[in-house]
Amino acid sequence: MPYKMYDINNNDTITAIATPSGVGAIAVIRISGYLSFNIINRIFKPINNLKKFKSGRIYLGFIFIKKYRLDKVLVNVFKRPKSYTGEDVIEISCHGSIYIQNKILELIMENGARLATRGEFTFRAFKNGKLDLYQVESLLDLFKSENELEHKLAFNNLRGEVSILIKQIKTKILDLNTIIDFCIDFSDENIYHFNKKDFINKLTWIIYQIKKLIKSFKIGFFFKKGIALAIIGKPNVGKSTLFNYLLKYDRSIVSNKSGTTINYIEDYIYINGIKYRIIDSAGIKNKKPSNLEIKGMKKTFENIKKAEIILFVSNKVKISLYKDEKDILKKKIIFIINKCDLLKRKIKEPNDSILISAKYGIGIKTLLKKLVKISKSFIESDKKNIITNVRHYEELKIALFNLKEIKQKLQIGIEPELLSLFLRDTNSSLDKIIGSITNYDILYNIFDNFCIGK
């Protein structure tokens, strides 16, 4: 099985091409492990004939195959523990010829290194304490970031601020467990007593911090998956035209015939750096809908439940909501009067509505400005501590459940052994987030998402 090298005791030397495959101006080849300097001394000669490398320096020289100069390269040197992996690391910047890249890689492997697997350099950083598991997953988010907000969030998490908070919480839990363990150890001497008020105050602080992290997941979800934006309205009011205009290409079929959109269509857009999952839904018909239209309307109401913001489109000045659909009233709604280019007379824009022509782009800037303003109410938060990963979210919920059980049972009396067990289970959930406790399956699922060379 190729990933068995994700072994905490595996200390051999690894190598890989770190840049994308193919021809380019420059390629970077990495080496990490205890043989790194032995290997580079055998295949590389600096132009100034230095015999010893200093950490943090870049050296210009030649890669040799026997006496033949293969390429003129730059060699970047990092001595352990001050390197990405915590091991001796060499990075060779060579010309981007596929032949040169492969030949250098062959030379390195002939001299004692093996080819790295996906994410193995980062795994060694985790193994050697350079990154915890939360930071590793934040690094993945950084690679996948598609806009400024996603980038900032991933970069903040990579800095380890959430990890620091989790470690602080763990320290507080350990303090509480120490008190309980003391009571258990000396229970025979009738001194099982502790300041319950002080204990509950500390417990309340821990619960508050974990609740904040759990609540932040919704914000993190918006950053990663996008704010769900549903376009709804009666048939033939221009929902699909608006959908296509926002996407800047024809994604939905547009027709003058009522009920063209039967199923829903969704896509992603970015507005002012905010990601949206925009949904074009079937029209909602009040009178005599066909069986097919009824199915489409059912999907529309399902999308309304999932959406954070509703774009309610009408082609009439007077807008009326569907009285039988209560879920609409719970959402943030932007009322839109479309096809203003067809109005026979100019009208004053209602206070709670926006006049647009999705066909010609009239009023779209005003609509987007209002949309961004509403969206910021979803994502404005302390961006230092935001959870974005479902795995972390689930472990925090388990931790919160255990803590609430402790607080509840303290009111009615609880055996110290049971109290200690709840606290240890809470700590275990937090350990799984930062990687103090982990298993092979979790490591495999995380590091398999990295590329070879990282």
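Buried means under 20% relative accessible area, exposed over 50%, and partly exposed in between, with a 1.4 Å probe and protein chains only. This is a predicted model, in which local features need pLDDT of at least 70 and side-chain atom pairs count only at pLDDT 80 or more, while totals for chains, interfaces and linings use all residues. Residues are numbered from 1 along each chain as its sequence is written, and side-chain values use heavy atoms, with hydrogens and water left out.

Q: Why is Arg-124 called buried?
A: Its relative accessibility is 1%. The limit for buried is under 20%, so Arg-124 counts as buried.

Q: What makes the contact between Arg-124 and Glu-120 a salt bridge?
A: A salt bridge requires a side-chain nitrogen of Lys or Arg within 4 Å of a carboxyl oxygen of Asp or Glu. The N to O distance between Arg-124 and Glu-120 is 3.8 Å, so the pair meets the criterion. Both residues lie in helix α3 (residues 120-127), four residues apart, about one turn of the helix; helices are DSSP runs of H or I with at least four residues, and strands are runs of E with at least two. Glu-120 is also buried, because its relative accessible area is 0%.

Q: How do you know that Asp-12 and Arg-114 tie together parts that are apart in sequence?
A: Asp-12 forms a salt bridge with Arg-114, the closest N and O atoms being 2.6 Å apart. Asp-12 lies in the segment before β1 (14-17) and Arg-114 in strand β7 (residues 114-115), so the bridge ties together parts 102 residues apart in sequence.

Q: Is Asp-132 buried or exposed?
A: Asp-132 has a relative accessibility of 9%, and therefore counts as buried.

Q: Why is Lys-167 called partly exposed?
A: Lys-167 has a relative accessible area of 42%, which lies between the limits for buried and exposed, so the term applies.
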